[in-house]
Amino acid sequence: LNGWTAGHRMALLAGRPAPVQVAYMGYPGSTGAGFVDLAVFDRFVAPPEHAAAFTERLMLLPGSYFVTDYRRPELIDEGRGGTRSQHGLAEHSAVLCNHDKLHKLDPQRFETWVAAVAAVEGAQLWVLAHAHASDAALLAHAPPSVRGRVVRGGRESVRRHVARMRHCDVALDTHGINGHTTAANYLWAQVPLVTRPTQHVVGRVAAGMLAALGEECGAAAVGLARTEHDYFLLARALARAAAAARNASARLGSGNDDSARGGIGDDASVREGIGSDVSDRKAADQRSQSAGDAGGEQEGK
């Protein structure tokens with residue numbers, strides 16, 4: 001389970017205690033070890049055409065290989081999520097969020113996040129608090145007009161963390177190393193997730209979960225971006241839809257976060273806003289195609 005991560009027991013596997021040894025979960029990639037025979041993934045995270053990059057033989061599961069179960073009673077406790085104001089969040093604004101650790105963040109993706117926040121009036125970006133110097137370095141990549149809309153939250157127990165996710169409207173995935181457990185947290189909390197897969201297992205897990213959900217629901221996985229600009233357009237569209245739904249909820253006098261999020265797509269202005277952003281995406285795709293298939297493929301990587 002651990003692969004080459006901290007506390008691993010690979011030395012035991014090297015002694016061949018079992019005739020067939022299998023790697024699953026924990027380590028998102030090939031172990032590169034000749035004594036591990038099989039690696040369990042799914043067809044999105046580890047496409048068959050990538051098999052040559054693995055020393056193990058691939059065992060590909062249907063749907064997503066990243067198995068989670070948050071239906072346990074001890075993890076379903078919305079009362080522990082508190083109110084928006086208790087987390088420093090505005091009651092009726094769209095909240096875009098990411099709660100990954102610092103090593104997963106990079107300047108380009110953070111700039112994409114703040115650009116999406118800046119494009120939606122009153123929107124906020126909710127991130128995990130880090131050391132003071134690290135937070136200052138992150139904020140340096142945000143325009144001064146947006147820095148006041150970046151909210152930093154502390155670490156919580158799993159139960160409290162999943163509960164507070166109900167205050168998020170759009171989850172923003174990291175680049176390179178995707179959210180894995182953090183992405184599952186958002187999806188179990190029914191928060192739309194925007195991600196852009198890379199060529200490596202570690203950068204495809206969140207997208208794999210979205211793709212599996214899309215197949216199970218018989219619909220396209222709307223949060224899968226092909227380029228960084230596509231990622232921005234998706235985040236902006238979902239944030240605009242959330243802001244419109246929350247404003248409608250406020251006009252009706254409902255303070256329920258779930259009813260506001262559930263209203264996305266029910267309001268004509270929301271559908272119109274999503275439609276305009278979809279048109280922007282189609283136009284961007286046409287420009288990419290005119291630049292040549294090879295260039296478009298490279299950009300998607």
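**A first tour**

A: The protein chain has 11 helices and eight strands. Helices (H or I, at least four residues) and strands (E, at least two) are DSSP runs, numbered from the N terminus. This is a predicted model: local features need pLDDT of at least 70, side-chain atom pairs count only at pLDDT 80 or more, and totals for chains, interfaces and linings use all residues. Residues are numbered from 1 along each chain as its sequence is written, and side-chain values use heavy atoms, with hydrogens and water left out.

Q: What share of the chain counts as buried?
A: Of the 301 residues, 45% count as buried. Buried means under 20% relative accessible area, exposed over 50%, and partly exposed in between (1.4 Å probe, protein chains only).

Q: And what about contacts between residues at least 6 apart in sequence?
A: Among those, 65% join residues at least 24 apart. Contact means heavy atoms within 4.5 Å.

Q: Let's pick a helix. How many residues does α7 have?
A: Helix α7 covers residues 205-217, so it has 13 residues by the DSSP run. From first C-alpha to last, α7 reaches 18 Å, close to the 18 Å expected at 1.5 Å a residue. The expected span is 1.5 Å times one less than the number of residues.

Q: Which residues of α7 are buried?
A: They are Val205, Ala206, Ala207, Gly208, Met209, Leu210, Ala211, Ala212 and Gly214.

Q: What covers them?
A: The cover includes α6 and β8.

Q: Take Ala207. What is its relative accessible area?
A: Ala207 has a relative accessible area of 0%, so it is buried. Ala207 lies in helix α7.

Q: Which residues does Ala207 touch?
A: Not counting residues up to four places away in sequence, Ala207 touches Phe44, Asn178, Thr195, Pro197 and Leu224.

Q: Now Gly214. Buried or exposed?
A: Gly214 is buried, because its relative accessible area is 10%. Gly214 is in helix α7 too.

Q: What sits in the loop between β8 and α7?
A: Arg196 is found there. Arg196 counts as buried because its relative accessibility is 8%.

Q: Which side chain does Arg196 join in a polar contact?
A: The partner is Glu228, at 3.1 Å. A polar contact is a pair of N or O atoms within 3.5 Å; within protein, one must be able to donate a hydrogen and the other to accept it, and residues adjacent in sequence count only if both atoms are side-chain atoms.

Q: Changing topic. Where is Thr31?
A: Thr31 is in the loop between β1 and β2, the latter covering 38-42. Thr31 counts as buried because its relative accessibility is 8%.

Q: What is Thr31 in contact with?
A: Leaving aside neighbours within four places in sequence, Thr31 is in contact with Trp4, Met10, Ala23, Val36, Thr55 and Glu56. The side chains of Thr31 and Glu56 are joined by a polar contact of 2.5 Å.

Q: What about backbone angles?
A: Most residues other than glycine have a negative phi. Arg16 has a positive phi of about 55° although it is not a glycine. Gln190 has a positive phi as well, of about 65°, and is not a glycine.

Q: Where are those two?
A: Arg16 is in the loop between α1 (10-14) and β1 (22-24). Gln190 lies in the loop between α6 (181-188) and β8 (193-194).

Q: Is Gln190 buried or exposed?
A: Gln190 counts as exposed, because its relative accessibility is 63%. Arg16 is partly exposed, at 34% relative accessible area.

Q: Last topic. How many cavities of 30 Å³ or more are there?
A: A search of the whole structure finds two. On a 1 Å grid over the protein atoms alone, a cavity is a set of points where a 1.4 Å probe fits but cannot get out; lining residues have an atom within 4 Å of a point.

Q: What lines the second largest cavity?
A: Its lining is Phe110, Val127, Asp135, Leu138, Leu139, Val150 and Arg152. Two or more lining residues come from each of α3 (132-139) and β6 (150-153). The largest share, three residues, is from α3.

Methods. On a 1 Å grid over the protein atoms alone, a cavity is a set of points where a 1.4 Å probe fits but cannot get out, and a pocket is an open set with protein on both sides within 12 Å along at least five of seven lines; lining residues have an atom within 4 Å of a point. Grid points are joined across faces, edges and corners, and a volume is the space filled by probe spheres set on the points.
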